[in-house]
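Take a look at the fold below.

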Amino acid sequence: MATTTVAPVATSPAAPGPAGQKGRWYEGIAAHVVLIAILLVALYPIAYMFGTSFKSPQEILNNVNVFPRQFSPGNYVDGWNGIPGVTFGTFFLNSAVVAIGVVVGNALACSLAAFAFARLKFPLRGFWFAIMIGTLLLPHHVLIVPQYVLFNSLEWINTPLPLIVPKFLATEAFFVFLMVQFMRGIPRSLDEAAEIDGCGPYRRFFFVVLPLTKPALVTTAVFSFIWTWNDFFTQLVYLNDLDSYTVPIGLRLFLDSSGQAAIAPMFAMSVLSLVPVFLFFLVFQRLIVDGINTSGIKG
(Lines give C-alpha, C1' and ligand atoms only; values in the text may rest on other atoms or scores of the structure.)
Protein backbone atom coordinates (compact mmCIF):
# COMPACT_ATOMS: atom_id res chain seq x y z
CA MET A 1 0.00 0.00 0.00
CA ALA A 2 1.43 3.30 -1.10
CA THR A 3 1.92 5.91 1.54
CA THR A 4 2.08 9.60 1.01
CA THR A 5 3.95 12.04 3.16
CA VAL A 6 2.73 15.46 3.81
CA ALA A 7 5.33 18.15 3.93
CA PRO A 8 5.10 20.34 7.00
CA VAL A 9 3.50 23.62 6.27
CA ALA A 10 5.63 26.58 7.15
CA THR A 11 3.84 28.82 9.52
CA SER A 12 4.43 32.49 9.77
CA PRO A 13 5.31 33.97 13.16
CA ALA A 14 2.27 34.58 15.17
CA ALA A 15 1.11 38.11 14.97
CA PRO A 16 1.40 39.94 18.24
CA GLY A 17 -1.82 39.85 20.08
CA PRO A 18 -3.50 42.73 21.82
CA ALA A 19 -1.51 42.01 24.98
CA GLY A 20 1.85 42.25 23.08
CA GLN A 21 0.87 45.48 21.38
CA LYS A 22 -0.16 46.92 24.73
CA GLY A 23 3.25 45.93 26.20
CA ARG A 24 5.20 47.66 23.39
CA TRP A 25 2.99 50.73 23.82
CA TYR A 26 3.97 50.95 27.47
CA GLU A 27 7.64 50.40 26.60
CA GLY A 28 7.53 53.33 24.18
CA ILE A 29 5.97 55.60 26.80
CA ALA A 30 8.55 54.54 29.41
CA ALA A 31 11.44 55.21 27.00
CA HIS A 32 10.12 58.68 26.21
CA VAL A 33 9.66 59.47 29.92
CA VAL A 34 13.27 58.43 30.66
CA LEU A 35 14.65 60.45 27.74
CA ILE A 36 12.66 63.54 28.74
CA ALA A 37 13.91 63.18 32.33
CA ILE A 38 17.54 62.97 31.14
CA LEU A 39 16.97 66.00 28.88
CA LEU A 40 15.57 68.04 31.78
CA VAL A 41 18.53 67.14 34.01
CA ALA A 42 20.97 68.11 31.23
CA LEU A 43 19.23 71.42 30.52
CA TYR A 44 18.64 72.42 34.16
CA PRO A 45 22.07 74.13 34.67
CA ILE A 46 21.56 76.26 31.55
CA ALA A 47 17.98 77.09 32.52
CA TYR A 48 19.09 77.97 36.07
CA MET A 49 21.86 80.23 34.76
CA PHE A 50 19.47 81.98 32.38
CA GLY A 51 16.83 82.48 35.11
CA THR A 52 19.39 83.63 37.68
CA SER A 53 20.69 86.26 35.28
CA PHE A 54 17.35 88.07 35.81
CA LYS A 55 17.29 87.75 39.62
CA SER A 56 18.24 90.49 42.06
CA PRO A 57 21.41 89.91 44.15
CA GLN A 58 19.28 89.32 47.25
CA GLU A 59 17.04 86.80 45.48
CA ILE A 60 19.91 84.67 44.17
CA LEU A 61 20.73 83.38 47.65
CA ASN A 62 17.11 82.82 48.66
CA ASN A 63 15.50 81.48 45.49
CA VAL A 64 16.82 78.21 44.03
CA ASN A 65 14.02 78.01 41.47
CA VAL A 66 14.71 78.61 37.82
CA PHE A 67 12.20 81.43 37.48
CA PRO A 68 12.91 84.75 39.26
CA ARG A 69 10.32 86.32 41.54
CA GLN A 70 11.36 89.82 40.45
CA PHE A 71 12.52 90.41 36.89
CA SER A 72 15.84 92.34 36.93
CA PRO A 73 17.16 92.84 33.37
CA GLY A 74 19.55 95.50 34.66
CA ASN A 75 22.04 92.74 35.49
CA TYR A 76 23.06 92.70 31.83
CA VAL A 77 23.83 96.43 31.85
CA ASP A 78 25.68 96.13 35.16
CA GLY A 79 27.69 93.17 33.87
CA TRP A 80 28.55 94.83 30.55
CA ASN A 81 29.88 97.92 32.36
CA GLY A 82 30.81 96.22 35.64
CA ILE A 83 34.60 96.15 35.14
CA PRO A 84 36.18 99.59 35.77
CA GLY A 85 38.07 100.96 32.79
CA VAL A 86 36.78 98.51 30.20
CA THR A 87 33.49 97.10 28.95
CA PHE A 88 32.75 93.43 28.49
CA GLY A 89 32.68 94.03 24.73
CA THR A 90 36.48 94.27 24.82
CA PHE A 91 36.65 90.75 26.23
CA PHE A 92 34.31 89.49 23.50
CA LEU A 93 36.48 91.12 20.84
CA ASN A 94 39.67 89.61 22.27
CA SER A 95 38.07 86.15 22.47
CA ALA A 96 36.83 86.46 18.89
CA VAL A 97 40.31 87.37 17.61
CA VAL A 98 41.92 84.44 19.42
CA ALA A 99 39.20 81.94 18.49
CA ILE A 100 39.14 82.91 14.78
CA GLY A 101 42.94 82.79 14.60
CA VAL A 102 42.95 79.32 16.16
CA VAL A 103 40.22 78.10 13.80
CA VAL A 104 42.11 79.31 10.71
CA GLY A 105 45.42 77.91 11.96
CA ASN A 106 44.05 74.48 12.85
CA ALA A 107 42.02 74.14 9.66
CA LEU A 108 44.94 75.09 7.39
CA ALA A 109 47.88 73.42 9.15
CA CYS A 110 46.12 70.24 10.25
CA SER A 111 44.63 69.65 6.78
CA LEU A 112 48.08 70.02 5.18
CA ALA A 113 49.66 67.61 7.69
CA ALA A 114 46.79 65.16 7.26
CA PHE A 115 47.15 65.26 3.47
CA ALA A 116 50.83 64.36 3.80
CA PHE A 117 50.13 61.42 6.11
CA ALA A 118 47.12 60.16 4.17
CA ARG A 119 48.03 60.70 0.49
CA LEU A 120 51.80 61.19 0.10
CA LYS A 121 54.61 58.66 0.32
CA PHE A 122 57.79 59.68 2.15
CA PRO A 123 60.41 57.87 4.25
CA LEU A 124 59.33 56.81 7.77
CA ARG A 125 55.77 58.03 7.22
CA GLY A 126 54.36 55.44 9.64
CA PHE A 127 56.98 56.28 12.27
CA TRP A 128 56.26 60.01 12.18
CA PHE A 129 52.52 59.32 12.25
CA ALA A 130 53.00 57.16 15.36
CA ILE A 131 55.03 59.97 16.99
CA MET A 132 52.24 62.40 16.18
CA ILE A 133 49.63 60.08 17.71
CA GLY A 134 51.87 59.62 20.75
CA THR A 135 51.72 63.34 21.49
CA LEU A 136 48.03 62.85 22.30
CA LEU A 137 49.16 61.01 25.45
CA LEU A 138 51.33 63.95 26.59
CA PRO A 139 49.56 66.05 29.24
CA HIS A 140 49.09 69.63 28.14
CA HIS A 141 50.24 71.05 31.47
CA VAL A 142 53.79 69.64 31.22
CA LEU A 143 54.37 71.93 28.21
CA ILE A 144 53.28 75.14 29.91
CA VAL A 145 56.64 76.04 31.50
CA PRO A 146 58.91 75.40 28.45
CA GLN A 147 56.39 77.11 26.17
CA TYR A 148 56.20 80.10 28.50
CA VAL A 149 60.01 80.39 28.54
CA LEU A 150 60.10 80.22 24.74
CA PHE A 151 57.33 82.77 24.18
CA ASN A 152 58.79 85.06 26.84
CA SER A 153 62.13 85.06 25.01
CA LEU A 154 60.23 86.04 21.85
CA GLU A 155 58.45 88.83 23.81
CA TRP A 156 55.04 87.40 22.91
CA ILE A 157 53.69 87.45 26.49
CA ASN A 158 50.58 89.57 26.95
CA THR A 159 49.74 89.25 23.26
CA PRO A 160 47.49 86.72 21.49
CA LEU A 161 50.45 85.33 19.53
CA PRO A 162 51.23 82.42 21.95
CA LEU A 163 47.60 81.33 21.62
CA ILE A 164 47.39 81.55 17.80
CA VAL A 165 50.81 81.03 16.18
CA PRO A 166 51.39 77.42 17.42
CA LYS A 167 48.12 76.38 15.77
CA PHE A 168 49.63 77.19 12.35
CA LEU A 169 52.26 74.47 13.01
CA ALA A 170 49.76 71.57 13.18
CA THR A 171 50.26 71.06 16.91
CA GLU A 172 46.74 69.70 17.44
CA ALA A 173 47.30 65.98 16.83
CA PHE A 174 43.65 65.14 17.41
CA PHE A 175 42.51 67.20 14.43
CA VAL A 176 45.34 65.83 12.24
CA PHE A 177 44.23 62.30 13.09
CA LEU A 178 40.58 63.17 12.39
CA MET A 179 41.42 64.53 8.94
CA VAL A 180 43.74 61.62 8.14
CA GLN A 181 40.89 59.21 8.82
CA PHE A 182 38.59 61.23 6.59
CA MET A 183 41.08 61.59 3.70
CA ARG A 184 41.78 57.87 3.70
CA GLY A 185 38.16 57.37 2.68
CA ILE A 186 38.54 59.50 -0.47
CA PRO A 187 39.17 57.29 -3.56
CA ARG A 188 42.79 57.36 -4.70
CA SER A 189 41.61 57.21 -8.29
CA LEU A 190 40.90 60.94 -7.99
CA ASP A 191 44.57 61.57 -7.16
CA GLU A 192 45.67 59.36 -10.06
CA ALA A 193 43.38 61.18 -12.48
CA ALA A 194 44.73 64.52 -11.26
CA GLU A 195 48.32 63.31 -11.70
CA ILE A 196 47.55 62.28 -15.28
CA ASP A 197 46.27 65.81 -15.87
CA GLY A 198 49.57 67.19 -14.58
CA CYS A 199 48.61 68.21 -11.04
CA GLY A 200 51.34 68.24 -8.43
CA PRO A 201 50.86 67.60 -4.69
CA TYR A 202 49.76 71.17 -3.90
CA ARG A 203 47.19 71.33 -6.72
CA ARG A 204 45.87 67.89 -5.76
CA PHE A 205 45.47 69.12 -2.18
CA PHE A 206 43.78 72.43 -2.95
CA PHE A 207 41.64 71.38 -5.93
CA VAL A 208 40.88 67.69 -5.33
CA VAL A 209 41.22 66.61 -1.69
CA LEU A 210 40.49 69.81 0.23
CA PRO A 211 37.02 70.44 -1.30
CA LEU A 212 36.02 66.86 -0.40
CA THR A 213 37.09 67.23 3.25
CA LYS A 214 34.52 69.90 4.03
CA PRO A 215 32.77 67.94 6.86
CA ALA A 216 36.11 67.22 8.59
CA LEU A 217 37.18 70.84 8.19
CA VAL A 218 33.93 72.08 9.72
CA THR A 219 34.25 69.61 12.61
CA THR A 220 37.78 70.88 13.25
CA ALA A 221 36.63 74.50 13.06
CA VAL A 222 33.72 74.03 15.45
CA PHE A 223 35.66 72.13 18.10
CA SER A 224 38.59 74.55 17.80
CA PHE A 225 36.24 77.50 18.30
CA ILE A 226 34.41 75.99 21.27
CA TRP A 227 37.56 74.78 23.06
CA THR A 228 39.34 78.11 22.54
CA TRP A 229 36.34 80.21 23.50
CA ASN A 230 35.93 78.29 26.76
CA ASP A 231 39.64 77.97 27.56
CA PHE A 232 40.59 79.67 30.81
CA PHE A 233 43.95 78.34 32.00
CA THR A 234 46.11 78.90 28.89
CA GLN A 235 44.74 82.40 28.31
CA LEU A 236 45.28 83.26 31.99
CA VAL A 237 48.95 82.24 31.70
CA TYR A 238 49.79 84.41 28.68
CA LEU A 239 47.44 87.41 29.09
CA ASN A 240 48.19 89.82 31.94
CA ASP A 241 46.71 93.22 31.04
CA LEU A 242 43.04 94.00 31.51
CA ASP A 243 42.71 95.20 27.92
CA SER A 244 43.95 91.85 26.59
CA TYR A 245 41.69 89.63 28.74
CA THR A 246 39.27 87.26 27.07
CA VAL A 247 35.72 86.30 28.12
CA PRO A 248 36.65 83.41 30.53
CA ILE A 249 39.14 85.64 32.37
CA GLY A 250 36.69 88.53 32.33
CA LEU A 251 34.04 86.41 34.03
CA ARG A 252 36.53 85.62 36.78
CA LEU A 253 36.84 89.36 37.53
CA PHE A 254 33.31 89.38 38.97
CA LEU A 255 34.59 87.21 41.84
CA ASP A 256 36.81 89.39 44.03
CA SER A 257 39.41 87.70 46.21
CA SER A 258 38.36 89.99 49.09
CA GLY A 259 34.97 88.30 49.25
CA GLN A 260 32.98 90.79 47.19
CA ALA A 261 31.21 89.12 44.30
CA ALA A 262 28.79 90.37 41.64
CA ILE A 263 26.97 87.10 41.07
CA ALA A 264 23.99 88.43 39.12
CA PRO A 265 26.07 90.36 36.52
CA MET A 266 28.38 87.36 36.23
CA PHE A 267 25.43 85.10 35.38
CA ALA A 268 24.20 87.68 32.84
CA MET A 269 27.57 87.82 31.07
CA SER A 270 27.82 84.02 31.25
CA VAL A 271 24.57 83.79 29.28
CA LEU A 272 25.93 86.18 26.65
CA SER A 273 29.19 84.21 26.43
CA LEU A 274 27.23 81.12 25.40
CA VAL A 275 25.54 82.84 22.45
CA PRO A 276 28.50 82.66 19.96
CA VAL A 277 29.18 79.02 20.82
CA PHE A 278 25.51 78.11 20.44
CA LEU A 279 25.17 79.89 17.10
CA PHE A 280 28.42 78.39 15.77
CA PHE A 281 27.29 74.89 16.69
CA LEU A 282 23.74 75.44 15.40
CA VAL A 283 24.88 76.60 11.95
CA PHE A 284 27.33 73.73 11.37
CA GLN A 285 25.55 70.95 13.28
CA ARG A 286 24.79 68.79 10.22
CA LEU A 287 28.35 68.96 8.91
CA ILE A 288 29.73 68.08 12.37
CA VAL A 289 27.74 64.84 12.40
CA ASP A 290 28.87 64.00 8.85
CA GLY A 291 32.50 64.67 9.73
CA ILE A 292 32.46 62.51 12.86
CA ASN A 293 30.63 59.64 11.13
CA THR A 294 32.85 59.57 8.04
CA SER A 295 36.12 59.89 9.97
CA GLY A 296 35.36 57.08 12.41
CA ILE A 297 35.81 59.29 15.48
CA LYS A 298 33.43 58.23 18.21
CA GLY A 299 32.80 59.76 21.60
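## Aromatic cluster and ring pairs

In this predicted model, ring pairs join Trp80, Phe88, Phe91, Phe92, Phe225, Trp229, Phe254 and Phe280 into a cluster. The whole structure holds 25 aromatic pairs. One of them is Phe50 with Phe54: the ring centres are 5.3 Å apart and the planes meet at 75°, so this pair is edge-to-face. The two partners differ in cover. Phe50 is partly exposed at 46% relative accessibility, whereas Phe54 is buried at 13%.

Tyr148 and Tyr238 give a stacked pair, because their planes lie at 15°, with the ring centres 6.1 Å apart. This pair ties together distant parts of the chain. Tyr148 sits in helix H6 (residues 144-153) and Tyr238 in helix H12 (residues 233-238), 90 residues apart. Tyr148 is partly exposed, with a relative accessible area of 30%. Tyr238 is buried, at 1%.

## A charge over a ring

Phe129 has a charged neighbour. Arg184 lies over the face of the Phe129 ring, 5.2 Å from the ring centre.

## Cysteines

How many disulfides does a search of the whole structure find? The count is 0. A disulfide is a covalent bond between the sulfur atoms of two cysteines. Cys110 has 0% relative accessibility, so Cys110 counts as buried. Cys199 is also buried, with a relative accessible area of 18%, because the cut-off for buried is under 20%.

## Overall fold and surface

The protein has 15 helices and 0 strands. Of its 299 residues, 36% are buried. Among contacts with a separation of 6 or more, 68% are between residues 24 or more positions apart. The exposed surface comes to about 18,300 Å². Carbon and sulfur atoms supply 70% of that area.

## Annotated transmembrane regions

An unreviewed UniProt entry lists residues 29-50, 91-115, 127-151, 163-184, 205-229 and 262-284 under "transmembrane region". Residues 127-151 are 64% helix and 0% strand. The end C-alpha atoms of residues 127-151 lie 29 Å apart. Residues 262-284 are 91% helix and 0% strand. For residues 262-284, the end C-alpha atoms are separated by 35 Å.

## His141: a loop residue

Where does His141 lie? His141 is in the loop between helix H5 (125-134) and H6. Is His141 buried or exposed? His141 is exposed, with a relative accessible area of 55%. Along the chain, His141 and Thr234 are 93 residues apart.

## Ser95: a helix residue

Ser95 belongs to helix H4 (residues 88-119). At 3% relative accessibility, Ser95 counts as buried. Which residues does Ser95 contact, leaving aside its neighbours within four places in sequence? Ser95 is in contact with Trp229, Thr246, Val247 and Pro248. One of these partners, Trp229, is also a member of the aromatic cluster.

Terms used:
Residues are numbered from 1 along each chain as its sequence is written. This is a predicted model: local features need pLDDT of at least 70, side-chain atom pairs count only at pLDDT 80 or more; totals for chains, interfaces and linings use all residues. Side-chain values use heavy atoms; hydrogens and water are left out. A disulfide is a pair of cysteine sulfur atoms within 2.5 Å. Buried means under 20% relative accessible area, exposed over 50%, partly exposed in between (1.4 Å probe, protein chains only). Rings of Phe, Tyr and Trp (its six-membered ring) pair if their centres lie within 6.5 Å; planes under 30 degrees apart count as stacked, over 60 as edge-to-face and the rest as tilted. Helices (H or I, at least four residues) and strands (E, at least two) are DSSP runs, numbered from the N terminus. A charge sits over a ring if NZ of Lys or CZ of Arg is within 6 Å of the ring centre and within 35 degrees of the ring normal. UniProt positions are given in the numbering used here, feature names are shortened, and annotations may be inferred rather than shown by experiment. Contact means heavy atoms within 4.5 Å. Accessible areas come from the Shrake-Rupley method with a 1.4 Å probe; for residues, only the protein chains shown count as cover.
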